[in-house]
Amino acid sequence: MEGIVATGLIGISLGAQYALLALGFTLIFGILGVVNFAHGGFYVLGGYLAYSAVTYLGVPYALAVIAAALGTTALGYLFERFVLDRVIDDHLATLMLTLGLYLMMSSGFLVLFGPQSPAFSFPLTGVLRGHGFYVPIENLVVLVVCLVGILLIYALIYHTDFGRALRALADDRAVATAQGLRPKLLFPTAFALATGLAGLTGALVTPILSLAPHVGDPVLATSFLIVILGGLGSIGGATVAAFIVGMVEAFSAVYLGGSKGALALFVLVLIMLVVRPSGLFGHRVRGA
Amino acid sequence: MASIDLGTARSGAIAETASVIIIAAAFVIPWISQNPAIYSLANQILIGVTAAFSVYIMLRMNLMTFAVPTFMAIGGYTAAILGLRHGVTDVVLLGIASFMVPALFALPLGALVLRLTGVYFVLVTFVLTEITQLLLFEMPGWTGGANGLVGMPAVTLFGIELGDNRAVLLVTIGLALTGALITAAVTRGLRQHFAAIEENELLAQSLGLVVWHYKAFGFAVAAGVSGLAGFALVNMLLTAHPTSFSALSSVNYIAYTIIGGKGTMLGPVVGGALLIWAGDIFSLRGEFSQLLFGFLIVVVVLAAREGIVGTASRFVVLPSSRAPRRPTINPGSGALGAPAATESRP
């Protein structure tokens, strides 16, 4: 019983991280129609930016996280504005561009920082003990920040004019543009928001898990899983699916061991893609 | 890109013949050189090019596939298991098996995934390669798990053992040539069918083309060609290991095809040869070559959409031999094939 509670908490904490990543991924697909292969790259970039700020500039960790989020936001904005936007209507071209960016990013990290994981750890340590279970404080902090982040995204998307504009563009770009919304302005902003979320997650999570040039690969795969499961472009779907995936990973790691849980998830997603490409909650955003 | 005018058809035929000749010409390498470094480079290039042919076949139908390592793994492990557990060493038998098993495997799989197009097909093939990795580790009884399969007996041809460096290269060349011939035959024989599917699948179907037959056939052939590359890789490395078939290695094969030029069969040949050679000669090993690939992909997509071969042929081929381009039905499909059919909304 205690084990189940502890595992459940790990699952929730994983789910919150995944949700923050997947929300960015799904926003980019829903609004721009772009499958962002560089999403994992922005996650790693966030981690390295925070690490550099703490190590070389002596900035406090909390500020470093904010700096990392801002840095990845800026890079995302520039990349969309000056590279992606030129071929924005061609799904496969944008896919290749983000893939190219990811290759450059991950080898760039390797050149700059080397293959070893740098010494980068969370400033707060300690364990919170409850009735027979315990939670590391760092996980709790990450969980709280992620949950706040998720709530802010929801508020932004559903309760502001900016969010309404983004949803209108996702719904029908032609009509939204005819009504006066400007994709030239909104697309880079939306992309920057999503990459900023990835960077924020990276800055928060890499000190706990690990920071290395290639930790973005599994992040990309997990984002794929979640977003397909929840329905490409669906915000609610991505959130729910993120917690499902977090729970499955936590419980299968503790009770099954090996990669059986991951295998089960991938097969589930494969079946989902074939039977219901729109995902658990989505409607077909862009015809399959 | 898919305009079916005679000029394109002719330059396509030239490119196919040239590709086959270039690969066949590799047979001279074992006779003019003893240098193991050159043997190794030639092996890598031929295997990479064969795998890139698979991407090229799928792109004929406007489908971007990440599943090449999946079928390479099936082909490679098939050959390894046959050699190790069943004592099959005849290279012809192993080659046939490494083509047929992935191809047969692709048929039921194709029935599931070929209903998807555009981004969804990309995602499903990416998920497939991830599943492949996990399965290779989770089925140690068949695949040797994390240890892989080692200690295969050397392959033989008519009872002659092909074990040394030179013989391994000869086997690789033979497999690559087979892959090239199959690719050329299929893409030339079905040029118009594939072009119709690439241009507008819905229209092709309504004009009476049984699209599903051709897509399933193309998918199976692409899988078989990947399988040949997988066999060549396993034969070169003397081991079948999950890391040889990683999900992100598919990115390399896509890079060879896109950077070389996806318009003709010469594209994967030139792209694969140049990129693998560049990675070798500048000692840009492993990760550094990824930097180059990433940069070149961005350049090609933004600036030279027809890749090296397409861009070069525009300058090299006499302008007079090129009839003025007939406007295509879907002018937007220039780049990586804007998915006309996928833009339709319910």
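A residue is buried if 20 or more other C-beta atoms lie within 10 Å of its own, exposed if 12 or fewer, and partly exposed in between, with C-beta atoms placed from the backbone. Of the 346 residues of chain B, 52% count as buried. This is a predicted model, in which local features need pLDDT of at least 70, side-chain atom pairs count only at pLDDT 80 or more, and totals for chains, interfaces and linings use all residues. Residues are numbered from 1 along each chain as its sequence is written, and chains are lettered from A and ligands numbered from 1 in the order in which they are written.

**Chain B**
- Chain B has 16 helices and 4 strands (DSSP runs numbered from the N terminus: helices are H or I, at least four residues, and strands E, at least two).
- Among contacts (C-beta atoms, placed from the backbone, within 7 Å) in chain B between residues at least 6 apart in sequence, 81% join residues at least 24 apart.

**B:Leu63**
- The loop between helix H3 (36-60) and helix H4 (68-86) of chain B holds B:Leu63.
- B:Leu63 counts as buried because 27 C-beta neighbours lie inside 10 Å.
- Beyond its neighbours within four places in sequence, B:Leu63 contacts B:Met58, B:Thr117 and B:Phe121.
- A separation of 7.6 Å lies between the C-alpha atoms of B:Leu63 and B:Val122, which are 59 residues apart along the chain.

**Contact between chains A and B**
- Chain A gives 41 residues to the contact and chain B gives 42 residues.
- On the side of chain A that touches chain B, H4(A) supplies the largest share, 15 residues.

Definitions and conventions. Two residues are in contact if their C-beta atoms, placed from the backbone, lie within 7 Å.
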